[in-house]
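Open the model in your viewer and keep the selection panel at hand. The stops below go from the sheet to the cores and then to the rings.

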Amino acid sequence: MASRIFGDPDDWPDQDLIGLSDEFSLPMVIDAYAAGVFPMPLDVAGRQEMGWFSPVERGILPLDALRVTRSLRKMIKRYEITFDTAFGEVVRRCGDPSREGAWIDDRIVDTYTALHIRGLAHSVEARNVEGELVGGLYGVAIGGLFAGESMFHDQQRGRDASKAALVALVERLRTAGGPRLLDVQWSTPHLASLGVVEVSRIDYLARLSEALTLPSLTFAP
């Protein structure tokens, strides 16, 4: 599955970072996700470059493996879940520079907003009883792929709100049927507790190829 921009996966280095570029454009991003690659800004010797990643061990969440504890099931009932009603705010909250490991810059915001306008990027929002946005996530959807990019929750008013958004997303993807692929980029102990597993790059690309044959979902508000 060679990419017009990123080449043949057989030629990629045996590391997560497969390339760097000064250029960052909408066509590059679309081509990247279809090829199993995603962007993330990097500081390289004081210069802001765009890093392109295809993890050797990729984190995915099998749709039948999501772990929802009894306490989480009770907690998520507190939230109203919506889709694509506050994409810009979700991205902004995910990109809060005060968050540890913050990486979302203006280039990411502008490009993913453009993807959203084209129907290729979506948000899932969790709102409290007052209607306030207290958690959510966003990602890229192409065919049967949903590539999760980032999630957030309000620490004071949104306990487990991002998890509630994730549960809703999994239910939406599961209901659609077919070999849909929920990509989370890298696994963490937190994500692993929810059912995320690691697969090899080769395995991921095979799953991606199959998922891309499926029709895209409509994430209507």
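How many bridges join strand 4 to strand 9? Select residues 57–60 and 181–185: two bridges join these strands, which run antiparallel. Strands here are DSSP runs of E, at least two residues, and helices are runs of H or I, at least four, numbered from the N terminus. Two strands pair if DSSP finds at least two bridges between them. Now pick Ile60; opposite stands Asp183 in strand 9.

A word on the source: this is a predicted model, in which local features need pLDDT of at least 70 and side-chain atom pairs count only at pLDDT 80 or more, while totals for chains, interfaces and linings use all residues. Residues are numbered from 1 along each chain as its sequence is written, and side-chain values use heavy atoms, with hydrogens and water left out.

Seven strands follow the order 5-6-7-8-9-4-10, with mixed pairing. Go to the edges: strand 5 (80–83) and strand 10 (197–200) each have a single partner strand, so one side of each lacks a neighbour in the sheet. From one strand to the next, the twist averages 35°.

Next, select helix 5, residues 161–176. Helix 5 packs on the sheet and touches strands 5, 6, 7, 8 and 9 (contact means heavy atoms within 4.5 Å). Its direction makes about 35° with that of strand 7; axes are lines fitted to C-alpha atoms, for helices over the stretch in contact, and angles run from 0 to 180 degrees between N-to-C directions.

**The cores**

A nonpolar core is a set of buried Ala, Val, Leu, Ile, Met, Phe, Trp, Tyr and Cys residues joined through side-chain atoms within 4.5 Å. Buried means under 20% relative accessible area, exposed over 50%, partly exposed in between (1.4 Å probe, protein chains only).

The largest core has 42 residues. Select Tyr33, Trp52, Tyr112 and Tyr138, which have the most contacts inside it. Helix 1 gives the most to this core: six residues. A second, separate core has 29 residues, including Leu61 and Val167.

**The rings**

Rings of Phe, Tyr and Trp (its six-membered ring) pair if their centres lie within 6.5 Å; planes under 30 degrees apart are stacked, over 60 edge-to-face, the rest tilted. Ten such pairs are present. Zoom to Phe6 and Trp52: centres 5.1 Å apart and planes at 55°, so the pair is tilted. Trp52 is buried, at 1% relative accessibility.

Finish at Tyr33 and Tyr112, an edge-to-face pair with 90° between the planes.
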